[in-house]
Amino acid sequence: MAVGVAAEVKSKLSVLEIVGEQVELRKAGTTYKGLCPFHGEKTPSFVVTPARDSWHCFGCGEGGDIFSFVMRREGLTFPEALKRLAAKAGIEIDERTSREDAHKARLREVLEQAIAFYHVVLTQSKAGAPALEYLRGRGFTDETIEKFQLGWAPDGWDQMIKMLQSRRKVEVAELAEVGLTSARPNSRGAYDKFRSRVIFPIRDASGAPVGVGGRVLPGTAAATDSERSHANADAPKYLNSPATSLFDKSRTLYLIERARGEMRRADEAVLVEGYTDALMAHQAGFENVVASLGTALTPAQVALITRYAQRIVLAYDVDPAGQHAGSIGGEELLRLIGSLAAEETGIEITRVRVAQLPEGKDPDEVVRDTPDLWREAIRTAQPIMLFLIDYYATAFNLRTAEGRRHAVAALVPLLRQVRDPVVRDDYLMTVARRTGVKDRDLLEALHAPEPAGRSKLGRNDGAAGSSSRFSADAIISAPDSIDTKAELKAVSLDERKLLRLLLLVPEQQERVAETLKATGVQLPSTPARELLAAMLADRERDRESGGAGKFERMRFLESLDPELHGLAVALFAERGPDPNELASDRVRIGVDQCLLALEADRLEEEIRFNAGELVEAQAAADPQAVTRLLELQRNLNEARRSLDRRRQDTSLLASAGGHR
């Protein structure tokens, strides 16, 4: 996407127009009101403010600009929403992006052709008959097989290749690029990776194909990427497409394109491990089920879920001891809990639960044979931390000091991952009750230095002269310099000041994210939110790779998509005080001033909304509503006075520091 597009899109598309496509709005002074499309309500609390190019729901707290609305409505990423709205505005994307889009469209077409071939082999040939019999024996109906385009990859080395070459004019290089073929070691051409496997098409949230999964039939073997004998039984049971320009296993969920609507309606996603588990759930009418393409749930998959739901139920084999093959183990759970606690996913750790299924039963068996048991298992799923506390409380002999020591050693690292002190204290008290260890001893263990390599935060709120910084002049003088004025139009002035500080003083990034979450304030512009999220994700990636969460600017800039890259460069180029030359307390005060300004904007918006509600209640002669709204008005005015005092105090601190 060409840089500067976000601001241009905003200048050409009205928020009233975009929101009005889905929400019936009525004028209310300088704003427009309607029923929120994102949560059920009977009294309108959804407001569009054209003068600010913004929307906000005072019921569920969602809000933002045209990009965030389209992202929330259709489950898109920011680049996807930007591209869609740019097309709507008649704004051309750059030539390189056009070529890349055309190439990816061609690759998706190639995948569709291959999926169609595999499906025909399964349903209309003798070669596919055993696989079709197997699927029917597993309880899958012909309607499900057709609806989800299940297929069969024949045993021949190159049947699929020859068919698509001759009938569909597909190039061998294209098949290799989408991960369906490999070159033979002896240079005798290419061969089909997925021979003798049931094929499960994998699609993205919009329904476009991105890859396939293959499963060998029970009691048979399949050749793998090296030219093994067909009698070799060492082939993996499941085989996914390799990483391609279309497919990233860590960012994909099987059946997300089918499940997203029900996930949004139920505000809950159920995670299973295998293709057949998810398919059987959908066949039985449990349509908010997706498969994670493996046991480990990644932060990127969690982020995908949060586009549609705020609750997750894990319905696969959870074994913290890691003794069961194919189970999700303790280290994976630790990483999952840490990611949920550290990233702004929107998923609270208390909303991740574990379903207890009968031992030895796979989800597809439970769904097929006892759907009511499945429904109840999901309904009564236990919060993940309580599940783990119970697990370790029974895994060790708590009657002995050694057993209690092992239980505490297993649970303390999990407790450290929970950032919310109220939630963490509640879990700590639960651990004390279940293990018999005194809470003061648990607190001592909790606050003891973490083992090397285990540091979660890697945080440093010290002086602004961190060695990780580099000069903005180096960015400004780069050969691919951009139109900074055009880029900065995409964000507000307060966002601009705040983001510039966070880029130059990364030690403040996590504090800002925590403050925004605690106050319920959102950055108004989607590009600003995306850039802050990218900063936090970059630090977390560094921690996961064994670093200390260090924010390195060149690495960070290179990781951004073009639009966010342009915004970041423009912010580096923005003229203003150099934080590298300021004391750390001055930097903190500058950040606080930006945060208070954003909080004041949100509060003023709420005061205006409440005033309008009060006028309507008075006109309708509704005394109860008038009383309630007058009380709320008093509370809001008091909050404004308190905020004004805080802003004044911060200004005085800044002024005092400036005269030293």
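Two strands count as paired if DSSP finds at least two bridges between them. In this predicted model, β1 meets that cut-off with strand β2 (residues 31-34), to which three bridges join it. The two strands run antiparallel. Within this pair, Lys 27 has Tyr 32 of β2 as its bridge partner.

β1 and β2 belong to an open sheet of five strands. The order is β1-β2-β3-β4-β5, and the pairing is antiparallel. β1 (26-28) and β5 (63-64) are the edge strands. Each has a single partner strand, so one side of each has no neighbour in the sheet. Strands of a sheet pair through backbone hydrogen bonds.

## A helix across the sheet, and a loop within it

The loop between β3 and β4 holds Asp 53. This residue has a phi near 55°, a positive value in a residue other than glycine. Most residues other than glycine have a negative phi. Asp 53 is partly exposed, at a relative accessible area of 34%.

## Helices α22 and α26

Helix α22 (residues 493-504) packs on helix α26 (residues 562-573). The angle is about 90°, and the axes are 9 Å apart. α22 is therefore roughly perpendicular to α26.

On the α22 side, the contact is made by Arg 496, Leu 499, Arg 500, Leu 503 and Leu 504. On the α26 side, Ala 568, Leu 571 and Phe 572 take part. By class, the contact has six nonpolar residues, two charged residues and no polar ones.

The largest nonpolar core has 66 residues. Those with the most contacts inside it are Val 9, Phe 46, Leu 498, Leu 503, Leu 531 and Met 535. α26 supplies the largest share of this core, seven residues.

What does Leu 531 touch, not counting residues up to four places away in sequence? Its contacts are Leu 499, Leu 503, Phe 556, Leu 560, Leu 564, Leu 567, Ala 568 and Leu 571.

Another core, of 59 residues, lies apart from the largest one. Among its residues are Trp 152, Ala 153, Leu 164 and Phe 247.

## Strand β9 and its partners

Seven of the seven residues of strand β9 (residues 197-203) are buried, so the strand is largely enclosed by the rest of the structure. β9 pairs with strand β6 (residues 151-153) in the antiparallel sense, over three bridges. There, Trp 152 has Val 198 of β9 as its bridge partner.

β9 also runs antiparallel to strand β10 (residues 209-215), with six bridges joining the two. Ile 199 stands opposite Gly 214 in β10. The hairpin of β9 and β10 has five residues between the strands. In this hairpin, Gly 207 takes a positive phi near 95°.

## Phe 247

Phe 247 lies in the loop between β11 (238-240) and α10 (256-266).

Leaving aside neighbours within four places in sequence, Phe 247 is in contact with Ile 202, Val 210, Ser 241, Pro 242, Thr 252 and Leu 293. The C-alpha atoms of Phe 247 and Val 178 are separated by 8.2 Å. Along the chain, these two residues are 69 residues apart.

Helix α11 (residues 275-283) is mostly covered, with eight of its nine residues buried. The buried residues are Tyr 275, Thr 276, Asp 277, Ala 278, Leu 279, Met 280, Ala 281 and His 282. Gly 285 follows α11 and has a positive phi, near 95°.

Lys 169 sits in the loop between α8 (159-168) and α9 (172-177). Its phi is near 55°, again a positive value in a residue other than glycine. Lys 169 counts as exposed, at 63% relative accessibility.

Notes. Residues are numbered from 1 along each chain as its sequence is written. This is a predicted model: local features need pLDDT of at least 70, side-chain atom pairs count only at pLDDT 80 or more; totals for chains, interfaces and linings use all residues. Side-chain values use heavy atoms; hydrogens and water are left out. Helices (H or I, at least four residues) and strands (E, at least two) are DSSP runs, numbered from the N terminus. Axes are lines fitted to C-alpha atoms, for helices over the stretch in contact, and angles run from 0 to 180 degrees between N-to-C directions. Angles under 35 degrees count as roughly parallel, over 145 as roughly antiparallel, 65 to 115 as roughly perpendicular and the rest as oblique. Contact means heavy atoms within 4.5 Å. Ala, Val, Leu, Ile, Met, Phe, Trp, Tyr, Cys and Pro count as nonpolar, Asp, Glu, Lys and Arg as charged, and the others, Gly among them, as polar. A nonpolar core is a set of buried Ala, Val, Leu, Ile, Met, Phe, Trp, Tyr and Cys residues joined through side-chain atoms within 4.5 Å. Buried means under 20% relative accessible area, exposed over 50%, partly exposed in between (1.4 Å probe, protein chains only).
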